[in-house]
Amino acid sequence: MEDDMRIAVMAAGALGGYFGARMAAAGHDVFFIARGSNLEAIRKNGLKVESVLGNLHLPEPNVTDDPAAVGPVDIVLFAVKLWDSETAARSSLPLVGPRTRVIPLQNGVDSAERIAPILGADNVVAGSAYIATVLSAPGVVTHTSQFARMVCGRTDGKPDEGLKAFADAAHAAGIDISVSDGIDRERWQKFVFLVGLSGATATTRQPLGPILADPDTRAFFYSLMSEVVAVGRARGVPIPENFAEDRMKFAETSPPTFKASMLHDLERGNRLELDWLAGKVVEFARPLGIPTPANNAVYAMLKLHRMGNAHA
């Protein structure tokens, strides 16, 4: 691969916008796929990133709503909402050539498996992103966490030249990135915290600080994560038995204002990723006979909101 990479961001929301902007600022050919008011704002005002790690403004980024206008790229950063995965994967087909690597950086734990049948098992790898971002206005990404980390790897654990080239380029662009030969464990370890954070912040309508400060909500947060650990381990994922305790320590070092994207969506009346977070834990646990009372409660409390206000 050339030193300058062709990268498509599907789509230019909070997460894809952040990592794509960092790569574009480093001189790579980045194509942002966007639609609606976000597309119009980026065309008019460029893409802005307000970040604790340094602000960015791309005045005239490559932005389009048509992946066919971009053509095959080296890397697709696949960062759509979970309910859009299959539809967005089909739209991404023009971006994928024989050497393309598609890296899903979504919430949830089974994105790679969902889109691989559409985009090709050899093209799709797995990924996780650790970052607190929100699309605070059309064309404006606000990043509030001191961390902005990406982990990716093939689900079969094999080395991958294209992935390594991207990791080297991203590292040179100042992105905290690693390639893992145990990406299934990585995905589940992220899923543990994500399910806890999304469930606790969305049901209480509070950020992380107050949840940790109250003994009842703190215990609830811990229970949500413990259930995910139990389900993952029962599915054969090598997560340490005490991993929920590790995540509690991580939570205590996180900003007290930390909110899951699901709470941001709830506050804005948007559709929720509930079915792929707490709902997925409940779904996976049922055939295994593992009780998940905390995640069942989250699902029941938020179920009537999951389609957003537009569908109420």
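## Ground rules

Residue numbers start from 1 along each chain as its sequence is written, and side-chain values use heavy atoms, with hydrogens and water left out. Because the model is predicted, local features need pLDDT of at least 70 and side-chain atom pairs count only at pLDDT 80 or more, while totals for chains, interfaces and linings use all residues.

## Helix H1

H1 covers residues 14-25; helices here are DSSP runs of H or I, at least four residues, and strands are E runs of at least two, numbered from the N terminus. Its twelve residues reach 16 Å from first C-alpha to last, close to the 16 Å expected at 1.5 Å a residue (1.5 Å times one less than the number of residues).

Ten of the twelve are buried, meaning under 20% relative accessible area with a 1.4 Å probe, protein chains only (exposed is over 50%, partly exposed in between). Among them are Tyr-18, Phe-19 and Arg-22. Just past H1, Gly-27 has a positive phi of about 100°.

## Arg-247

Arg-247 sits in helix H9, residues 243-253. Why does Arg-247 count as buried? Because its relative accessibility is 15%. Leaving aside residues up to four places away in sequence, Arg-247 touches Gln-189, Val-192, Phe-193 and Met-225, where contact means heavy atoms within 4.5 Å.
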